[in-house]
Amino acid sequence: MKEVRVALLGQGFMGKAHSNAYIQAPHFYDLPFRLRRTLLCGRDKTSLAATAARWEWEEISTDWRTAIDRKDIDVIDIALPNYLHAEVAIAAARAGKIVFCEKPLALSLADARSMVDAAGGRPTMVWFNYRRVPAIAYAHQLIQEGRLGTVYHYDAAYRQQWGPDLSRLGSWKLDRALAGSGVADDLLTHLLDTALFLNGPMLEGIAVSRTFVPDRSIDDAFEALIRFENGSLGMFEATRFGIGCRNANTFQIHGAAGMLRFDLEDLNHLEFFDATQPAVEQGARALLVTDMKHPIFGNFWRPGHVIGYEHTFIAALAEFLDCLAREKEFHPDFADGFAVQRVLAGLQQSVTTRQWTSIAEVQV
């Protein structure tokens, strides 16, 4: 079995999630390749060595550039602050590497376009891991089967509560130069990718943002109204001031034949309302999406034995490797990341103009 040799750039929260996926994927999936954790890159050499030892990375480096030209590296996995995504991904793609990248793809539509162009059709992945939540994958299946009928409304929100926490003031996510606009580049991008996955292309949108903390350069909250190509209307909210919500990534979809509702804080459940049932029998049902026949879940435990956040990364990695071996397209790839970036750019433009913005007309 051929080896896939990986260099992971980043030792923080996402570095942990990705490292765990590289270790666990062969435990749950029959992978077509042997994964080798060759190189871990990070800024602090002392903590980097400890992290590498914990996750069994063979070598370490404090300079991500050392990974690019090495002949014994097949995959460059970017889990660095947002401002570095484009520079690193372009360099890696030009060196002939397979490139994985955390979201958002880039800090501008132009940089995202350059990343897609540099990849030139080579296999890529964006870590929009929520597509691999079994409940979300099952929602996609139900929609594709026509169980919702004509969709009227797609409402989504991603609410966290750490925005007012003064102990987080040193986080790079609060630095516009490192993170981008703020909550829009962070949480909203997840909402947009899930919406594109479940409900299809977006035509136009109008948005407003708000910064609650004085002298803060990034947006703390972002809200948008979107018109979809399928005729439905969408309402989106992303905020770090959603007090009472630790990590509430939610959506609610209303169609002529039913409704779907999901909350990441209860990620093993999907609510389904079947409007085709007799009126006296209708009611929202909380489906426990842990059956062996449900998407993704069958690779993990037996029915009713719930999974967690980390399994979404494991599933994404395993499915990418399966597609790579079979020479099939994997999604979400850089083109999908660019689609999210285009919508984001349109909404950010709308914040400035205070007008509806056509997504297709947003200039690179």
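Student: How much space lies in the largest pocket?

Tutor: About 870 Å³. This is a predicted model, where local features need pLDDT of at least 70, side-chain atom pairs count only at pLDDT 80 or more, and totals for chains, interfaces and linings use all residues. Residues are numbered from 1 along each chain as its sequence is written, and side-chain values use heavy atoms, without hydrogens and water.

Student: What makes a set of points a pocket, and what is its volume?

Tutor: On a 1 Å grid over the protein atoms alone, a pocket is an open set with protein on both sides within 12 Å along at least five of seven lines. Points are joined across faces, edges and corners, and the volume is the space filled by probe spheres (1.4 Å probe) set on them.

Student: Which residues line the largest pocket closest to its centre?

Tutor: Phe 13, Met 14, Ala 79, Trp 172 and Lys 173, out of 40 lining residues. Each of the 40 counts as lining because it has an atom within 4 Å of a point.

Student: Which helix gives the most to that lining?

Tutor: α8, with four residues. Both α1 (13-28) and α8 (183-199) supply at least two. Helices are DSSP runs of H or I, at least four residues, numbered from the N terminus.

Student: How does the lining of the largest pocket divide by class?

Tutor: Into 18 nonpolar, 12 polar and 10 charged residues. Ala, Val, Leu, Ile, Met, Phe, Trp, Tyr, Cys and Pro are nonpolar; Asp, Glu, Lys and Arg are charged; the others, Gly among them, are polar. Phe 13 is therefore nonpolar and Lys 173 charged.

Student: What lines the second largest pocket?

Tutor: 16 residues, with Gly 121, Arg 122, Pro 123, Thr 124 and Asp 333 nearest its centre. α9 gives the largest share, three residues.
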